[in-house]
Amino acid sequence: ILMAIIEKKEIPKAKELSVDDASYLNGVCDCVGELRRQMLEELKNGKKKEARHYFEIMDAIHEELMAVRFSDSLLRGFRQKQDVVRGQVERARSEIVFAGKD
């Protein structure tokens, strides 16, 4: 998923990756943290447009993930991962705003 995003390709579906839905959703959650790292790297290198691109993808993933509601017995730990994603997106939003001030 991360490589597809970095290479600006379409994000593969769970079936294309031959993984079950729970593993896919957990992987998407983990991907947000990696996207934040990539965004910060772009900011460090003065590439604000690229950094914003990664932030926008993070934000879109966050919006999609927040719509997912399952029992913890079906997706163990998923709610916690959603909370982590929310925190990462909010920190990234602050970092993008702060970097935009020249």
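I count a contact when heavy atoms lie within 4.5 Å. Helices are DSSP runs of H or I with at least four residues, numbered from the N terminus. This is a predicted model: local features need pLDDT of at least 70, side-chain atom pairs count only at pLDDT 80 or more, and totals for chains, interfaces and linings use all residues. Residues are numbered from 1 along each chain as its sequence is written, and side-chain values use heavy atoms, with hydrogens and water left out.

**Helix H5**

Next I looked up burial (under 20% relative accessible area, 1.4 Å probe, protein chains only). The buried residues of H5 are Phe78, Gln82, Val85, Gln88, Val89, Ala92, Ile96 and Ala99. H3 and H4 are among what covers them.

**Glutamine 82**

Is glutamine 82 buried or exposed? It counts as buried because its relative accessibility is 3%. Its side chain reaches the backbone oxygen of leucine 65 at 2.6 Å. Leaving aside neighbours within four places in sequence, I found glutamine 82 in contact with Leu65, Met66, Val68 and Arg69.

**Largest pocket**

I listed the lining: Ile1, Ile11, Tyr24, Leu25, Val28, Ile57, Ile61, Glu64, Leu65 and Val68. Lining residues have an atom within 4 Å of a pocket point; a pocket is an open set on a 1 Å grid over the protein atoms alone, where a 1.4 Å probe fits, with protein on both sides within 12 Å along at least five of seven lines. Helices H3 (21-44) and H4 (48-66) each give two or more residues to this lining. H4 supplies the largest share, 4 residues.

Technical notes
Buried < 20%, exposed > 50% of the residue type's maximum accessible area, 1.4 Å probe, protein only. Polar contact = N/O pair within 3.5 Å; in protein donor to acceptor, adjacent residues only side chain to side chain.
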